[in-house]
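I opened the model to look up a few local features. My entries follow.

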Amino acid sequence: MKKLMVFSRLVFALAIALLLVSAKTDNVSLKYNLKVGNTYKLITTADQTIEMTMMGQAQNIKNKIEGAIFLKVLTTEGKVITFDTWYDKLKMSIETGMGSFVMRSDSMQDSNPGSKMLNTMMNKHFTIKMSTSGEILEVSGSDKVMEDALNAIKGLEESQMSMMKESIKQFVGKDALKGSFELSLRCLPDKPVSVGDSWTSQVELVSALSATVNTTWKLSDRKNGVSVLEGKSTLKTKENAPSQNISGIPIKYNIKGEQQILSKIDEKTGWIIESTINQDISGEMEMDLSAQGSGIQKAPIKIKSKTVTSGI
């Protein structure tokens, strides 16, 4: 009887040990494993609502951006992937209390310089270098894309050209591209993980909004070769960030808030299947109107947005 009890305990201990070993080895190494010559695509739709008060007047603005971009793998060297990159589609619509404005890449109307500018950008190639964890290492050639787009709308008034330049910088400016791609792609851990494991990432935004985004990621589920990642981010603008010149007015932002992210990742390639980012931030916009004789003006601002990205 004693021998039977001892044997049963040994079997039980062995079973527990095997379960623990199994649990520890049930992990996945998520990284970008992309083939040279293959072309990948990102389709993004972003809906944004802005509420602000300027000089006692409430302003509500709705923005919508739709875009599609191709990335063809040129080389993979160690942990560095080089892409040939180009836009296939862009559309931006803005609704305010004073009216609406739409510019789209599939239109060349002379009466809409924004559409003409976006149309010129389509299928113009630039290069991006990315690490296998999603860090954007280098962007080159996008300045030429911006130059060609601005040349297509020469002759506009200086204030209009300034506004158009700021708009296009959000799509092909080196800093803006680095930030936007990292927000979408820098979500993978630097070591194998199991369901329930967490890791962090940090993205620096240097564009119209100069901010730091810190994200805590968690592998929440795995099924049929797909990993589900949940992310919680904090976003805060940089105190010493330089002002942005928009239509001749220096503007700074003092904003902070949060993002909630849900991403589905193809475990074989690391590529996004679908990602949704819900953002809720608020603070104030500071405008230097000294040149107009009004000094520094501050406007409370709230921004809510939902961005959905699909990968092919």
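**Helix 2**

I listed the buried residues of helix 2 and found Pro 113, Gly 114, Ser 115, Met 117, Leu 118, Thr 120 and Met 121. Buried means under 20% relative accessible area, exposed over 50%, and partly exposed in between, with a 1.4 Å probe and protein chains only. Seven of the nine residues in this helix, which spans 113–121, are therefore counted as buried, and the helix is mostly covered. Helices (H or I, at least four residues) and strands (E, at least two) are DSSP runs, numbered from the N terminus.

I noted that the model is predicted: local features need pLDDT of at least 70, side-chain atom pairs count only at pLDDT 80 or more, and totals for chains, interfaces and linings use all residues. Residues are numbered from 1 along each chain as its sequence is written, and side-chain values use heavy atoms, with hydrogens and water left out.

I then checked both ends of helix 2. At the N-terminal end, Asn 112 is the cap, with a side-chain oxygen 3.1 Å from the backbone nitrogen of Gly 114. After the helix comes Asn 123, which has a positive phi near 60°.

**Strands 7 and 8**

I looked at strand 7 (residues 198–205) and found that its covered face holds Trp 199, Ser 201, Val 203 and Leu 205. The uncovered face holds Ser 198, Thr 200, Gln 202 and Glu 204. Strand 7 pairs with strand 8 (residues 211–223) in the antiparallel sense, over eight bridges; two strands pair if DSSP finds at least two bridges between them. I looked up Ser 198 and found Lys 218 of strand 8 as its bridge partner.

Notes
A polar contact is a pair of N or O atoms within 3.5 Å; within protein, one must be able to donate a hydrogen and the other to accept it, and residues adjacent in sequence count only if both atoms are side-chain atoms.
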